[in-house]
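Subject: Structure for you to look at

Hello,

I am passing on a structure that you have not worked with before. Please have it open while you read the notes.

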Amino acid sequence: MIAQPPPKADIIARRPEIIAGLRALVPASGLISEELRLKPYETDGLPAYRQIPLAVVLPETTEQVAAVLAFCHKNGVRVVPRGAGTSLSGGALPMADSVVIGLMRMNRILDIDYGDRCATVQAGVTNIGITNAVSAEGFFYAPDPSSQLACMIGGNVGMNSGGAHCLKYGVTANNLLGLKIVTMEGDVLDIGGAHLDAAGYDWLGLMTGSEGMLAMVTEVTVRILRAPEGARAMLVAFDANETAGRAVDAIIGSGIIPVALEFMDRPAIHACEAFAHAGYPLDAEALLIIEVEGSVAEQDDLLGRIAALCEPFHPISLRVSQSAEESIAIWKGRKGAFGAVGRISPDYLCMDGTIPTGQLPFVLRRIGEMSDAYGLKVANIFHAGDGNLHPLIMFDANLAGNFEHAEAFGADILKLCVEVGGCLTGEHGVGVEKRELMRVQFTDIELDQQRRIKSAFDPDWLLNPSKVFPLVDMPVTAMPGTAMPVAA
Amino acid sequence: MSAALAPAHESGVVEAILAARAANEPLLIQGRGTKAGMLRPVQAARGLSTRNLTDVSLYSPQELIISAGAGITIPDLEAKLAEGGQGIIAEPPDLSALLGTEGVQTLGGVVATNLSGPRRVAWGAMRDHVMGVRAVNGAGEVIRSGGRVLKNVTGLDLCKLLTGSYGTLAVLTEVTLKVLPRAELTGSLLLPGLDAVQGVAALSAALGSPYGVSGAAWLPADAAERVPELAGRGAVAVVRIEDFARSVEYRLGRLTTDLAVFGTPVLLDDGASRAAWRAIRDAMPLRAEPGDAVWRVSVRPSNGPAAITALEATGARCFLDWGGGLVWIAGPPALHDSVMATALAGRGTWTVLRAPEPMRAAVDVIPAEAPALARITRRVKAAMDPSGILNPGRLYAGV
Ligand SMILES: Cc1cc2nc3c(=O)[nH]c(=O)nc-3n(C[C@H](O)[C@H](O)[C@H](O)COP(=O)(O)OP(=O)(O)OC[C@H]3O[C@@H](n4cnc5c(N)ncnc54)[C@H](O)[C@@H]3O)c2cc1C
């Protein structure tokens, strides 16, 4: 179970005064303090953890964000930045003494420049909102998390989110040009811009994936890309995970980098097929969805080469989509994977480790053994090109201890990811969920180095302070204010 | 300055830093020193070089990953990658001719300066492909960040912070890069006779096409004359495709049609295209006289033509890469104020790549930061290098 640091008693005691102070800084409807209306903000995409915050503020401008942060800084109030609250690692989980600053009202597209291939948007614009704004001109914003209908670009920056197509197009960090940020002290700063290379330290890179701990993002300038002429998928099924893994190696080794290369294991295939009726072969142990882009002739050429590369591994079925509709049908099962698992199990935990791709067969075998030992089912979805593994652990929260059991299983999987040379999280972030596991991947010296960098931005540790770093036994750092009180 | 230390193991880097810290003596951090003339000069008691850290500890072509000591030379690294039919994605330039330096650059040097070539416009900068680092900070502590996998958001991304930090925060000892297969074929399309405005409009149309353009430069006539493959046609816009052979042919054909309003293009075959882009990568089109300074200015691409026009009026020589967004500039050091003004007018940044030492010590070699950001810069420097012994003053005076 995950502990929260104890709330600051003086802040709780001064709640009415703090709320009155905040009320003066944002429009009347932008301050929420009634228990019932705070409820929707008590959790995020990791609903096992909940905490009603002190208050929620919904600013509409960068100036309001700056005023709120400066006020909180002056009063020693902790702040939790929030986008759409879809974080799967509890990154937007409030603390009892914290003010949640939600940016959903900052949802305007500020500038689109097709000639310079960039767009500037406010942080509360949804991920799909950017693509929708530019698609009529044939452009798109590349990173495409499955949550793209809901999640916001500010949250994407916070988590450095990925998507099914990041093998070719990269993750959020690779598609950003500039940010407007507000520091905890309330200073508004422009980082980067519409040009490609900023001089000086790479603040843009450091901010991306910093989980709301360094500064708040209010505007984002992204690269927009011209969409390819077309895209098509193929489906290849194998009778063993090892064989599918070797086929993936053969494809990448041949010099072809498909735009997407997704892997599902047997339980995932069955869950998705039952849900989406995508025509997945139920006798398969492993399924690959491979997508390529280009003109129809180029697609034919690449899909033909890939089919030939798979042949020596004796696929039990191989289906090349003949149309855009058929490609959508092939993707339908994969895209509905969460819903599908949600249907066959009352609850599930979505894990997110990365492994060296060559370790896939070994890791899946070990996960299978752990699944037996824990008595919990698991379905595995894998971005096979880049090694990002999503085991979906099924459990029933109504059974006493079942959630804790699932969490322990998940932690064991993540430790295994690190053991084989990978990492704790590929795209969902550390949040509160993997905080205590950071020790598995980093030494105390390394964690302390990261903490000192947080201190450089936020010396008093007011910005999202209970995330990412283990709470207990924090080594004393060189900077003042760094050592958080240890949870009871 | 006493002789540079060049340890053969990371532990030697740790020892050197601990000793320097104990003596409170700054260190000049280098690979092979090919970039010593970039940005501000460093006053140091001793040099510390990573040139002897050259091991390739991991190369896994099917995982698109290579880990190598910071001291491996770029040619050696490219040779290793060629065994797997792969290459460095960001196409780092070799600026030795331009900078007048001897010797070969190292991986650590290219990463520490975040030096990217023409492909940056499509495939990202050096910093986009640094998946993991090992480094020693100014307290002599070994710090790892990232790892050997392609997707990793575990903790703060110090790979990005250290890339482009010019050895001021930590000494890189090992770098893990994402790599990609080399293209089967390359080909280019030249559009002669366009002025800067038309040229950048053509580049923008090409980069905004669905054909995956991976290089887009515009050279005025005098610059084009210096590249045999581009010479004799006046000013030229050049667009590159790198892909499977069939795709290169198809895509150049489509671009020829789509860019017809800009004139009739000339096509360069694989060999000519590779040679031309190697020259553009290494800034060979730029004529820099012995006393000249050299700058790189990064602006919004559509601001490139105004930048080049303003600078040429002051007597500078220039050409444009990155679709108009990168201005290479050579001219007398006295032009520095014009370069800064031009970069600011184009809402971009500048970097002094080469200049006489007194000038480098006196001017803003990169833009000064807003006061609140400068404060963070000093705190981050202190968080990584508490005694201020790693390349002090390299980026900013007093940092
Ligand atoms: C069904 C589902 C599918 C998903 N699929 C994917 C996927 O394919 N790939 C993927 O990478 N992720 C995925 N996610 C995870 C999640 O959607 C991403 O992490 C997303 O980027 C979070 O965006 P958000 O707006 O919801 O941010 P939130 O959850 O509100 O916040 C995320 C983090 O960023 C911080 N933050 C938010 N806004 C700001 C800001 N303006 N300034 C500073 N910090 C800020 C928060 O404090 C928090 O730490 C999925 C989630 C769900 C529920």
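The notes below cover a pair of helices and then a pair of domains.

This is a predicted model, in which local features need pLDDT of at least 70 and side-chain atom pairs count only at pLDDT 80 or more, while totals for chains, interfaces and linings use all residues. Residues are numbered from 1 along each chain as its sequence is written, chains are lettered from A and ligands numbered from 1 in the order written, and side-chain values use heavy atoms, without hydrogens and water.

Helices

Helix 2 (residues 15-23) and helix 4 (residues 62-75), both of chain A, have axes that come within 10 Å and cross at roughly 155°. Helices here are DSSP runs (H or I, at least four residues), numbered from the N terminus; axes are lines fitted to C-alpha atoms over the stretch in contact, with angles from 0 to 180 degrees between N-to-C directions. The angle therefore makes helix 2 of chain A roughly antiparallel to helix 4 of chain A (over 145 degrees). Ile18(A), Gly21(A) and Leu22(A) of helix 2 meet Val68(A), Phe71(A) and Cys72(A) of helix 4 (heavy atoms within 4.5 Å).

Domains

Chain A is divided into domain 1 (109-226), domain 2 (231-339) and domain 3 (345-435), with bounds from an automatic or database domain assignment. The C-alpha centres of domain 1 and domain 3 of chain A lie 29 Å apart. Eight residues from each of these two domains take part in their contact. Between them, domain 1 and domain 3 of chain A bury about 530 Å², 49% of it on carbon and sulfur atoms (accessible area, 1.4 Å probe, lost on being put together, summed over both).

Regards

How values were computed: Helix = DSSP H or I, 4+ residues; strand = E, 2+ residues; numbered from the N terminus. Parallel < 35°, antiparallel > 145°, perpendicular 65-115°, else oblique. Buried area = accessible area lost by both parts, 1.4 Å probe.
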